[in-house]
Amino acid sequence: MCGIIGVTARDGNVVPLVLEGLERLEYRGYDSVGVAVNAGGRILVRKASGKLADVRRRLALDSLVGSTAIGHTRWATHGAPNDVNAHPHEDCDGSIALVHNGVIRNYASLREELASRGHRLRSETDTELIAHLIEEGVKAGLPVIEALAGAISRLDGSYALAILVAGEPGRIYFARMRSPLILGFGEGVNAVASDIPALLHLTRRIMTLEDGEFGWISPDRVEIYRLGAGGYERLKAIEVQARVKTVEWTLEKASKGGYPHFMIKEIYEQPQALQDTYNGAVEAPEVSRAARLIVEAPRVYVVGAGTSYHAGLVFSYYLSRLAGVASIPLISSEFKFYESTVGEGDVVVAVSQSGETYDTLEAVRAYKARGAVVIGVTNVVGSALDRLGDLTLYIRAGPEIGVAATKTFTSQVMVLQLLAIRAAEARGALDPSEAREKAGILAAAPQVASEAIRSSEPLAKLLASRGNWRSIYVLGRGLGYPIAKEGALKIKEIAYLHAEAYPAGESKHGPIALVEDGFPVFLVATSDSPEIAGNALEMAARGADVMVLKPSDMELDLKSSERIRILSMPGGGLLLEPYSLTPFFQLLAYYKAVQSGYDPDKPRNLAKTVTVE
Ligand code: M6R
């Protein structure tokens, strides 16, 4: 996830407008910043790693002048967050500069192809390749719009692009596929950006672009085209005008994308984050490399803290079910008690959103010192885990500001599922076509998450308003257990309500003693464990207020009754159930916190990243 903006004005200097937009886009990424201006047919680029305020001062971005400019704030996905990988990126001779948000899936093959045709590739990014693809069209004598259409038709993945072309000083070209992009129309000034807040200082007249749309803006005009199977067609002016809406947002509301808190915004960002995760990992050679290491290892350890530990539990589950590989999931702070069993060639899969969690890094260092190979799974390129690991799998969820992990959990799960599928393939437990089919199922995860959020929202709001809960159980079996643990953690940390998760089969071994009339029990029913119906009945028989969260396509020998309420979520099978059953608990925790007057973004006693023991 990155933030992009482009502004073109009839007269005056647009650089301050671009910088103001970037300030509001920084929540989308903050590891590097760059601006390019088209100064009378010459493109000037200034960019560096670091936060906006710092780069702005160091590179004197305010001294740039031009009436057409683009800007970018980066959240690294391909290549470390350094000066060279910062956007904008240019073609061979600097006559095309572009900024990009998204992930190009066929990056490796395009890179090889462009390099073999003699292009001078300076960065490690997927973005730069797009500039060179456009360059090829332009140098072949095509109009820029055709060169752009040709370039984007070669891309597999997600992109929102804003592009300057030296020979066309007043224009900004743009394109969108599975990454957000809007146009803004002002008086003698038009703009393109990742989201509405970035343009509110310019205009409130906004149009949202659809996937497959591309075109250009100048200060007074816009042309939009739509990519189709047989080429592309231009949208009629009347259609464009009809899609321009006036937004009423205040700036304060807009800084969180219109949401009152980052947590709820990030919950809603899950479909987009999952799309980016999927694009980045489904064919990634490093996922297959990591899978081979896993199947060849004498032992596999999975370490993580909090939510990342729960994602690790989900991984152990799929690794066992799909690949038949046993692994040892560990809470990072417990690592030393198992250290003596670690040996040469063992694999440690270390899961950490931030890549900076002290206990996880300590575990990694200790196990590495004993000869283990470290596979890091993180959201932060260039983090300590990224640097320490032998191999890193990026989750590409974009920055998460709220202390509660939400979108990073589901994105971690997706990368780890793909890793388990590749491990199954490497071990021969799945043949290549079965592995392709399983990975293909995950393409539906964004849609499932989106439907799950929609279905959960009213239920979570309603249940959150029941103010008399003092303690709750969240139970699951199989896959449902780590999902239940993650749900309980959200409720504890955000709503300050005691919530305990345990495998539902454990009830009769002790915990059911607490159950009395009205005791709230949530059951996470996953399609691997229909026997959870029995757990619902045994709880209801003791007076519990039972709520069973289940995928709609799961047969369960259970009916709604006075004591048992069935909450139906989208189906799709075992691989999609983490995306179907997780958002409900995130939303329940969120609404419970808000209704109790707590700040869900900054829960008491907690920090986003725990860098101490
Ligand atoms: O950055 P990490 O994923 O390593 O952080 C680990 C935990 O501190 C973290 O997952 C924590 O449990 C969540 N913020 C809870 O929502």
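Biologist: Why is Ala60 called partly exposed?

Modeller: The relative accessible area of Ala60 is 35%. Buried means under 20% relative accessible area, exposed over 50%, and partly exposed in between, with a 1.4 Å probe and protein chains only. So Ala60 is partly exposed. One caution on origins: this is a predicted model, where local features need pLDDT of at least 70 and side-chain atom pairs count only at pLDDT 80 or more, while totals for chains, interfaces and linings use all residues. Residues are numbered from 1 along each chain as its sequence is written, and side-chain values use heavy atoms, with hydrogens and water left out.

Biologist: Where is Ala60 found, and what is its phi?

Modeller: Ala60 is in the loop between helix H2 (52-58) and S4. Helices (H or I, at least four residues) and strands (E, at least two) are DSSP runs, numbered from the N terminus. Phi of Ala60 is near 50 degrees, a positive value in a residue other than glycine. Most residues other than glycine have a negative phi.

Biologist: What makes Arg396 count as buried?

Modeller: Its relative accessibility is 5%. The cut-off for buried is under 20%, so Arg396 qualifies. Arg396 sits in the loop between strand S20 (391-394) and helix H14 (407-427). Its phi is positive too, about 55 degrees, although Arg396 is not a glycine.

Biologist: Which peptide bond is cis, with omega near 0 degrees?

Modeller: The bond from His87 to Pro88. Pro88 is found in the loop between strand S4 (68-74) and strand S5 (89-90). Most peptide bonds are trans.

Biologist: Now the ligand. Which residues are closest to the ligand?

Modeller: Ser308, Ser352, Ser354, Thr357 and Glu493 are the closest, in a shell of 14 residues. A residue is near a molecule or strand if one of its heavy atoms lies within 4 Å of it.

Biologist: How do you know that the ligand lies between domain 2 (265-430) and domain 3 (452-595)?

Modeller: Both domains give residues to the shell around the ligand, so the ligand lies between them. The domain bounds come from an automatic or database domain assignment. Helix H11 (306-323) and helix H17 (480-495) each supply at least two residues of that shell.

Biologist: What is the shell around the ligand by class?

Modeller: Five nonpolar, seven polar and two charged residues. Ala, Val, Leu, Ile, Met, Phe, Trp, Tyr, Cys and Pro count as nonpolar, Asp, Glu, Lys and Arg as charged, and the others, Gly among them, as polar.

Biologist: Why does the span of helix H9 (residues 270-281) agree with expectation?

Modeller: The expected span is 1.5 Å times one less than the number of residues. For the 12 residues of H9 that gives 16 Å, and the end C-alpha atoms are 16 Å apart, so the two agree.

Biologist: What makes H9 largely enclosed by the rest of the structure?

Modeller: 11 of its 12 residues are buried, so H9 is largely enclosed. Among them are Leu274, Tyr278 and Ala281.

Biologist: How do you know that H19 is largely enclosed?

Modeller: 17 of the 19 residues of H19 are buried, so the rest of the structure largely encloses this helix. Helix H19 (residues 577-595) reaches 28 Å from its first C-alpha to its last, close to the 27 Å expected. Gly597 follows H19, with a positive phi near 80 degrees.

Biologist: Why does Ala311 count as buried?

Modeller: Ala311 has 0% relative accessibility, so it counts as buried. Ala311 lies in helix H11. Its C-alpha is 8.6 Å from that of Ile483, 172 residues apart along the chain.
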